[in-house]
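I opened my notebook on this one to look up its fold and its charged pairs. Here is what I wrote down, friend.

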Amino acid sequence: PWLERAVMTGITRVSKESIFSDLNHLEVVTTTANKYTDCFGFTEEEVFAAMDEYGYTDKSLVKAWYDGFIFGEKADIYNPWSILNYLDKGTLKAYWANTSSNSLIGKLIREGEPEIKTVMEDLLEGKVFHTQLDEQIVYNQLDQNISAIWSLLLASGYLKVTKCTFDPEVGRWEYELALTNKEVRLMFEGMIAGWFS
């Protein structure tokens, strides 16, 4: 009774709210929304200032490894977990991408349609992928919808939207997706290599 406002965070929605549930009237802020765009990571200015304070000078390498997150129209958002670990240890490596098993993502790619594997190959080569997707995807829809894998990868930070346009003819958004950064690419390369070992 004393709670006026709350913030819930997560990667995908567990269910959609309705007027018939106790959980309704949520404002869902996705990666393409322009609200809170600089609150989901460190801005480039913050990262470079911290590097200066620590005496680190490899800004272009740090950018290649940990930059790449885009929220709404705000680009150059850095992964905070990786930046904090880099500042602490002074070593470039995959900090964030190795914090979970990524088993769900691996399962969806391995067991998905051949198209998914082809797109992943292209993404690993630095290409972009054009698609329509549902940013409001619900967790239990992940294995029922071929484009759900792209929604999950976008929501979980493994992909970024490099371009987003609205097609008024069909009333849908078109997305241009790419891998987020070098840390993510190396994680996927390691995952795929592990399948063949």
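I began with Lys89, which is partly exposed at a relative accessible area of 44%. For the record, buried means under 20% relative accessible area, exposed over 50% and partly exposed in between, with a 1.4 Å probe and protein chains only. Lys89 forms a salt bridge with Asp88, the closest N and O atoms lying 3.3 Å apart. My criterion for a salt bridge is a side-chain nitrogen of Lys or Arg within 4 Å of a carboxyl oxygen of Asp or Glu. Asp88 is exposed, with a relative accessible area of 58%.

A note on the source: this is a predicted model, where local features need pLDDT of at least 70 and side-chain atom pairs count only at pLDDT 80 or more, while totals for chains, interfaces and linings use all residues. Residues are numbered from 1 along each chain as its sequence is written, and side-chain values use heavy atoms, with hydrogens and water left out.

Next I searched the whole structure for salt bridges and found 10. One of them joins Lys127 and Glu125 at 3.4 Å, N to O. Lys127 is partly exposed at 41% relative accessible area, and Glu125 counts as exposed at 57%.

Then I looked up Glu44, which bridges to Lys63 with the closest N and O atoms 2.6 Å apart. This pair links distant parts of the chain, since Glu44 sits in helix α1 (residues 44–54) and Lys63 in helix α2 (residues 59–66), 19 residues apart. Glu44 is buried at 17% relative accessible area, and Lys63 is partly exposed at 30%. Glu44 and Lys63 also belong to a salt-bridge network with Asp67 and Asp76.

I turned to the fold and counted 7 helices and 6 strands. Helices (H or I, at least four residues) and strands (E, at least two) are DSSP runs, numbered from the N terminus.

Which strands make up the open sheet of 3 strands? I found the order β4-β6-β5, with antiparallel pairing; two strands pair if DSSP finds at least two bridges between them. The edge strands, each pairing on one side only, are β4 (129–131) and β5 (159–167). β5 pairs with β6 (residues 172–179) in the antiparallel sense over 8 bridges, and Cys164 stands opposite Tyr175 in β6. Helix α6 (residues 148–155) packs on the sheet, touching β4, β5 and β6; here contact means heavy atoms within 4.5 Å.

Last, I checked burial over the chain: buried residues make up 37% of the 197 residues.

Terms used:
Axes are lines fitted to C-alpha atoms, for helices over the stretch in contact, and angles run from 0 to 180 degrees between N-to-C directions.
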